[in-house]
Each structure stands twice: as C-alpha cells, then as structure tokens.
Amino acid sequence: TTSSFTVGRSEIINVNLKTDKMTVVRDGKKIGTYDVSGGKAGWQTRDGIMTIMEKVTDKIWTNTAIDAPEPYRLESNYAMRITDSGEFIHDAPWNVGNITSGVNASHGCVGMLTSNMATLFNESMVGDAVIVTGSPRPFGALTNQISDWNVSWSKWLGGNYDLSYS
C-alpha cells in the first residue's frame, strides 16, 4: 500500500514561568513574544509538554469550578485548553498589572493581555504544542493531557507505560 500526506505547519508555544514570557515559534521562526502570568503559590501551572486540546470563546471562570477558596466570576474572550483538569491559556483582563509586571497570580492558567491572546487564538490550532518550563510543579499524571508528548522515547517504544507518572 502506498500513501501520501502533507504535514501542516509547525507551531510551538513556549511558556517560561521564570521570565513570565511566551515565545511562539512557527516553522522554525519566532513570530511573537508575549508577557504572561502563570499560577500563584499553591496553584502553580504545571511544567511539561502539552497540546492545545480545544479553543473556546466567551469563557466564564468561577471559583466553584476548581474549588478555589476566594469567590470569583470572571470572563475572558479567548481560551485554549491545555489539560483535562482545566489549565488554559487565556486572556485575563482582570490581571493586566500582574501580566505586565511578571507576577504569577492565576489559579494555574497562563494569562495574557487580551490583544495578544486574540492574536495567539486566531493563529493557533488544536494540536499545537505548548511547552511550559520554569515552574516548580511537575506534571504528574499523564492522563491529564495528550500523554505521548511526556513519555520518553525508550519508554514509549516499550509500550504499556504507566499513565500515573510522568
């Protein structure tokens, strides 16, 4: 059997939580750098390789969805899911001061300025890679994501790997 296919463009979204910067690389060329705010103490964004799992608009965030102790109801225009447990990259208009000053202040999501998030949302696709570094929180359970990205090649080749550990 002969088959042919075309591989689409490559996009890698690199989030460095030590510098609170996101760098977007498409087809090997840097196309953007943005300020971000990651998770605060006790709610750190997980380190690891993830993918955009879905894209949604007009997202409502509440403390009850994640059992956060302080009450809130917030709205954002653009959100891209990166874990099954609820970590997203999204605009955070309520968090502008922390985003522009490099303070991690979210409940685990990666927050961006609305104009920057609009650009990222419109140029990204489900399946694009997201690499988060600089967080003290390791990823943990592989079942919280599209897991193959976080399994070593030797372990993947061996098959039947334990999904409870990274």
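Predicted model: local features only at pLDDT ≥ 70, side-chain atom pairs only at ≥ 80, totals over all residues.
Three bridges connect β7 with β8 (residues 110-112), and the two strands run parallel. On the β6 side, His 90 is the bridge partner of Ala 79, within a pairing of β6 (residues 73-81) and β7 that is antiparallel and extends over three bridges. The hairpin formed by β6 and β7 has six residues between its strands, and Gly 86 adopts there a positive phi near 115 degrees.

The side chains of β7 (residues 88-91) divide into two sets, with Phe 88 and His 90 pointing one way and Ile 89 and Asp 91 the other, and all of them are buried. In a regular strand the side chains alternate between the two faces of the sheet.

**Overall composition**

The chain contains four helices and nine strands, which follow one another along the sequence in the pattern β-β-β-β-β-α-β-β-α-β-α-β-α. Of its 166 residues, 37% are buried, and the accessible surface comes to about 8900 Å², with 53% of that area belonging to carbon and sulfur atoms. When contacts between residues at least 6 apart in sequence are considered, 60% of them join residues at least 24 apart.

**The five-stranded sheet**

Five strands make up an open sheet of mixed pairing, in the order β3-β2-β1-β9-β4.

Asp 128 lies in the loop between α3 (114-123) and β9 (129-133). Is this residue buried or exposed? Asp 128 counts as buried because its relative accessibility is 5%, the cut-off for burial being under 20%. Its side chain makes a polar contact of 2.6 Å with the side chain of Arg 9, and the side chain of Asp 128 also reaches the backbone nitrogen of Met 125 at 2.7 Å. Leaving aside residues up to four places away in sequence, Asp 128 touches Arg 9, Glu 11, Met 50, Thr 51 and Ile 52.

**Aromatic pairs**

A search of the whole structure finds two aromatic pairs, whose geometry is set out below.

| Pair | Distance between ring centres | Angle between planes | Arrangement |
|---|---|---|---|
| Trp 61 and Phe 88 | 5.0 Å | 80 degrees | edge-to-face |
| Tyr 78 and Phe 121 | 5.2 Å | 50 degrees | tilted |

Trp 61 lies in strand β5 and Phe 88 in strand β7, so this pair ties together parts that are 27 residues apart in sequence. Both Trp 61 and Phe 88 are buried. In the other pair, Tyr 78 belongs to strand β6 and Phe 121 to helix α3, so the parts tied together are 43 residues apart in sequence. Tyr 78 counts as partly exposed because its relative accessibility is 23%, whereas Phe 121, at 10% relative accessibility, counts as buried.

Asp 27, found in the loop between β2 (21-26) and β3 (29-35), has a phi near 50 degrees, a positive value in a residue other than glycine. Asp 58 likewise has a positive phi, near 55 degrees, and is not a glycine, but the place of Asp 58 is in strand β5 (residues 54-62). Asp 58 is classed as exposed because its relative accessible area is 61%, which is over the 50% cut-off for that class.

Definitions and conventions:
Residues numbered from 1 in each chain as written. Heavy atoms only, no water. Buried < 20%, exposed > 50% of the residue type's maximum accessible area, 1.4 Å probe, protein only. Pairing = 2+ DSSP bridges. Polar contact = N/O pair within 3.5 Å; in protein donor to acceptor, adjacent residues only side chain to side chain. Contact = heavy atoms within 4.5 Å. Areas by Shrake-Rupley, 256 points an atom, 1.4 Å probe, with all protein chains shown as cover. Phe/Tyr/Trp six-rings, centres within 6.5 Å; stacked < 30°, edge-to-face > 60°.
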